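Reader: Please show me the sequence and the structure, and then let me ask about single residues.

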Amino acid sequence: MFRRAERKKAKLRLGIAGPAGSGKTYSALLIAQGLEGKIALIDTEHGSGELYSHLCDYDIATLTPPFTPEKYISLIKEAGKGGYSTIIIDSISHAWAGEGGLLDMHDKVAKVQNSSFTAWRQITPKHNALVEAMLQSPCHIIATMRSKQEYSVSTDDRGRTQVKKIGLAPIQREGMEYEFTIFLDLSVDHLAVASKDRTSLFDGRTPFVPNIETGRELLKWLETGGDSKEDVKVTPKGNEEKAGV
């Protein structure tokens, strides 16, 4: 049965990608402050998550190799039950390309099965389970990702191979950015550009430095939903009116 579409209050799903030194963890913590409430940080970066303890109060859990999706999922669920408002996952690149991550798992399965293609049948559900854990969490989720230089290879009219730089790409499974409400790309100058934005808050905005106010903007949008069913009535002509007007 169809019903009238309306935007409801939501939890943030934010992806932040950038090269080393671009300020992914720093930016995530500033935005998390603007979202208010208790912050939990899942650290895969060898303790670097504690370098910013001067910024605000937050709790940290260190995730060590092997970086299996199950370990991430366990900590996400633990934080969800622990009364945290925001979970920062720093970073989910390790779940893909880190020691014991999904690519490592795929290689091992492919060797046993002697088939790279069929190995994905075992690996893809693990990746999907991690995505689902992030999407279903009762907390705001901020997930950071490392970026790498991406290249394109083509052949010119003389048959010569040409390699061109086409920008930075997050180290995660292709298409991962589509799972987020907003996806920010950070430069080495700490400037952010929204490559995906379902909120429209950053449409046409020049590169900016993420800060606490960014989190406050997002929180205001997340907490502002459309009229609920109780607040709307339909007249005989089918026109909607706000109740009490």
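Reader: Is F202 buried or exposed?
Author: This is a predicted model, in which local features need pLDDT of at least 70, side-chain atom pairs count only at pLDDT 80 or more, and totals for chains, interfaces and linings use all residues. Residues are numbered from 1 along each chain as its sequence is written, and side-chain values use heavy atoms, with hydrogens and water left out. Buried means under 20% relative accessible area, exposed over 50%, and partly exposed in between (1.4 Å probe, protein chains only). F202 has a relative accessible area of 6%, so F202 is buried.

Reader: How many aromatic pairs does a search of the whole structure find?
Author: Rings of Phe, Tyr and Trp (its six-membered ring) pair if their centres lie within 6.5 Å; planes under 30 degrees apart count as stacked, over 60 as edge-to-face and the rest as tilted. With the whole structure searched, the number of aromatic pairs is four.

Reader: What are the distance and the angle for W96 and W120?
Author: W96 and W120 form an aromatic pair that is stacked. The values are 5.9 Å centre to centre and 15 degrees between the planes.

Reader: Which parts does the pair of W96 and W120 tie together?
Author: Helices (H or I, at least four residues) and strands (E, at least two) are DSSP runs, numbered from the N terminus. The two residues are 24 residues apart in sequence, so the pair ties together helix α3 (residues 93-97), which holds W96, and helix α5 (residues 116-136), which holds W120.

Reader: Why does W120 count as partly exposed?
Author: W120 counts as partly exposed because of its relative accessibility. That value for W120 is 23%.

Reader: Which residue lies over the face of W120?
Author: A charge sits over a ring if NZ of Lys or CZ of Arg is within 6 Å of the ring centre and within 35 degrees of the ring normal. At 5.0 Å from the ring centre of W120, the residue over its face is R173.

Reader: Where is T144, and is T144 buried or exposed?
Author: T144 is placed in strand β5 (residues 140-155). Its relative accessible area is 0%, so T144 is buried.

Reader: Which residues is T25 in contact with, leaving aside neighbours within four places in sequence?
Author: T25 belongs to helix α1 (residues 24-35) and is buried, at 11% relative accessible area. Contact means heavy atoms within 4.5 Å. With those neighbours left aside, the contacts of T25 are L41, Y52 and D90.
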